[in-house]
Number of protein chains: 2
Amino acid sequence: MYKTIEWTDEGIVMIDQRVLPLEEKYVCLTHYQEVAAAIREMVIRGAPAIGVAAAMGVALGMKRLPPETPPAEVTGAFGRICGELAATRPTAVNLFWAIRRMQQKFDELTGEPLPAQQAGLIAEACRIHEEDIAANRRLGEYGRALFTADTTFLTHCNAGGLATGGYGTALGVIRAVHESGRKVAVFADETRPFLQGARLTAWELQQLNIPTTVITDNMAGHIMAQGKIDAVVVGADRIAANGDTANKIGTMMVAVLAATCQVPFYVAAPLSTVDFELAEGRGIPIEQRDPREVTHIRGLQLTPDGVSAANPAFDVTPHPYITAIITDRGVAFPPFNETLARLAGR
Amino acid sequence: MYKTIEWTDEGIVMIDQRVLPLEEKYVCLTHYQEVAAAIREMVIRGAPAIGVAAAMGVALGMKRLPPETPPAEVTGAFGRICGELAATRPTAVNLFWAIRRMQQKFDELTGEPLPAQQAGLIAEACRIHEEDIAANRRLGEYGRALFTADTTFLTHCNAGGLATGGYGTALGVIRAVHESGRKVAVFADETRPFLQGARLTAWELQQLNIPTTVITDNMAGHIMAQGKIDAVVVGADRIAANGDTANKIGTMMVAVLAATCQVPFYVAAPLSTVDFELAEGRGIPIEQRDPREVTHIRGLQLTPDGVSAANPAFDVTPHPYITAIITDRGVAFPPFNETLARLAGR
């Protein structure tokens, strides 16, 4: 079984998600700058996985400080490392959440000798990793209870083991239903431009022996209109306090079509994905990526020379299109501004 | 300037739309079976262009009959040729419409000597071609009157010169507005799996000097939600009597999102695209194409080995999502079952 990300004595080992499914290649990163580049270039992607990678990146950067570094320089280095990792991608909130956790741990360790700080930060990053896997499993259990019959799911992008510490959010729900003995089938949107669905979701589901049909993103409406889909389940990169959900570009189209076709639409994400500072989705920054991801696929040119392309990486699904949000602390139904806050104990 | 299709003494010359925009290559087809294969394999595509190609294919097949062929065999050959060309693609009605026109001409020529029949059929095919270009230009004029201000359009697939005898339906409207001196810009959905938008629409609009931004299909909703689009205009492969419209897969998602975002949604097609025999869109056969078009792009494998894919080539947009249908005889507004019939003089 593959591992999305792992802390080792040699460095942070990640499966290279750019070359899956044709190659199963691992990279070992030994400098935090390499971790920042890996997040930016999508060697690793998926909101929870990015959070784990950033936490490990902070630990890695601090681990490399020489033992004799004076305390003031240690603090400066910590700020620099966190800043560089925070600047990699703007939309997924888990990145900032994980860095904040590392900051809290660093604050706790003030005054300790550097080796103790380093060990403490490594332990905290590994704890974030383990907690994410455990949160996914709980989330899967809560989601499973919603699907008590055989179910054909539609999913968009990849919210599986590859997008998280290891088990998956949207795919975590799907595999939990599958493990409960229900007959499960999945339609996977290919998810241009990066093809997370065609490449990653299809690969994960194949390993889990869950029957999967890949479709292009523009087929989702037709398939739902034909009555082939019982439920849509997707992940999330950031959820506002009112339930508005930023997720991979195209999610909003699927949500609107699901509503039109009367198919329930579920978001599955750990509660750490909820940004309670944001009242509504309008404030979520949408990353604009390199247009070359649209005009080319693995070096193959699709468009005429010199044509413009846009590449917004996320969109926001307004909360009225969301049936429920499945979290690691329970399932939130509308009104989300009340139910999400309650789950978070706020 | 490129030519989509042309009748020449050597054979039927077509631009190969599979290799655009990276190569501008022409093929010369000398047997009707090659024309059938070219339609099936999408060397030529687009409902009106397929109609022209099929008519020319019939003329080409008949032209090759030896002068001494007995009348009964001529009739048999005509039926065989029409049957083979009609079996190439099921959704676009223009194919069947064009073959019916050739059948009527053949019936008129009953009793004539074979050379006169052959010349008559060639002339009829060329007339269908010329009429299509003229119909597109009239359609463009009618459409232009709807857009009296600077306009940013969204279009899906390719309904341009390449999809027709030469001028374009949806792109015919856009270029007519552009020629009228209004400032025009276009967002072009890439239109997986065949990438007609990224490859063909972008290429045509570039030659017309109309500013174009290619987006992946799943970005259309986000771009409309941001208020960037004034109007959507698309072509059609078959329109039922009530206005339900079959067009390239994904069109329905764009239409539903346009309605959600209060963006007007126009269909542009010659009246020959309306199938008055069909009361509603449910009866339109949807072509299922080779899943390999989804799992691969020009030989490049996207998905894991052995994964399933679906490839419905069209979907049906229910008429309530359509603001108006722009035809070569005027613009039809709802209720379409009345207005389309009136335009057709039925």
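Colleague: What makes the count between chain A and chain B two salt bridges?

Modeller: The rule wants a side-chain nitrogen of Lys or Arg within 4 Å of a carboxyl oxygen of Asp or Glu. Between chain A and chain B, two salt bridges are counted. Take A:Glu190 and B:Arg192, whose side chains meet at 2.7 Å, N to O. That value lies within 4 Å, so the pair gets the name. Bear in mind that this is a predicted model, where local features need pLDDT of at least 70, side-chain atom pairs count only at pLDDT 80 or more, and totals for chains, interfaces and linings use all residues. Side-chain values use heavy atoms, with hydrogens and water left out, residues are numbered from 1 along each chain as its sequence is written, and chains are lettered from A and ligands numbered from 1 in the order in which they are written.

Colleague: How many residues does each chain put into the contact?

Modeller: Chain A gives 53 residues and chain B gives 53 residues, with contact meaning heavy atoms within 4.5 Å. The area buried between chain A and chain B is about 4200 Å², and carbon and sulfur atoms give 70% of it. Buried area here is the accessible area (1.4 Å probe) that two parts lose on being put together, summed over both. A:Asn218, A:His222 and A:Met253 supply 17% of what chain A buries against chain B, more than any other three residues.

Colleague: Which polar contacts get counted there, and how many are there?

Modeller: A pair of N or O atoms must lie within 3.5 Å; within protein, one must be able to donate a hydrogen and the other to accept it, and residues adjacent in sequence count only if both atoms are side-chain atoms. Between chain A and chain B that gives 16 residue pairs, both at pLDDT 80 or more. Among the elements giving two or more residues to chain A's side are helix 7 (196–207), helix 8 (220–225) and helix 9 (251–260). Helix 9 of chain A gives the most, six residues. Helices (H or I, at least four residues) and strands (E, at least two) are DSSP runs, numbered from the N terminus.

Colleague: What makes strand 6 of chain A and strand 14 of chain B a pair?

Modeller: Two strands pair if DSSP finds at least two bridges between them. These strands have two bridges, in the parallel sense, so they qualify. A:Val214 stands opposite B:Ala309 in strand 14 of chain B. Both strands belong to an open sheet of eight strands with mixed pairing, in the order 17(A)-16(A)-10(A)-7(A)-4(A)-5(A)-6(A)-14(B).

Colleague: Why is one side of strand 17 of chain A left without a neighbour in the sheet?

Modeller: Strand 17 (330–332) of chain A and strand 14 (308–309) of chain B stand at the edges with a single partner strand each, so one side of each has no neighbour in the sheet. Elsewhere, strand 4 (residues 151–155) and strand 7 (residues 231–234) of chain A run parallel, joined by two bridges. A:Phe153 stands opposite A:Ala231 in strand 7 of chain A.

Colleague: And inside chain A, where are the domains?

Modeller: Domain 1 is 5–137 and domain 2 is 145–343, with bounds from an automatic or database domain assignment. Their C-alpha centres lie 25 Å apart. The contact takes 31 residues from domain 1 and 34 residues from domain 2.

Colleague: How do you know that A:Arg89 and A:Glu287 meet in a salt bridge?

Modeller: Their side chains come to 2.9 Å, N to O.
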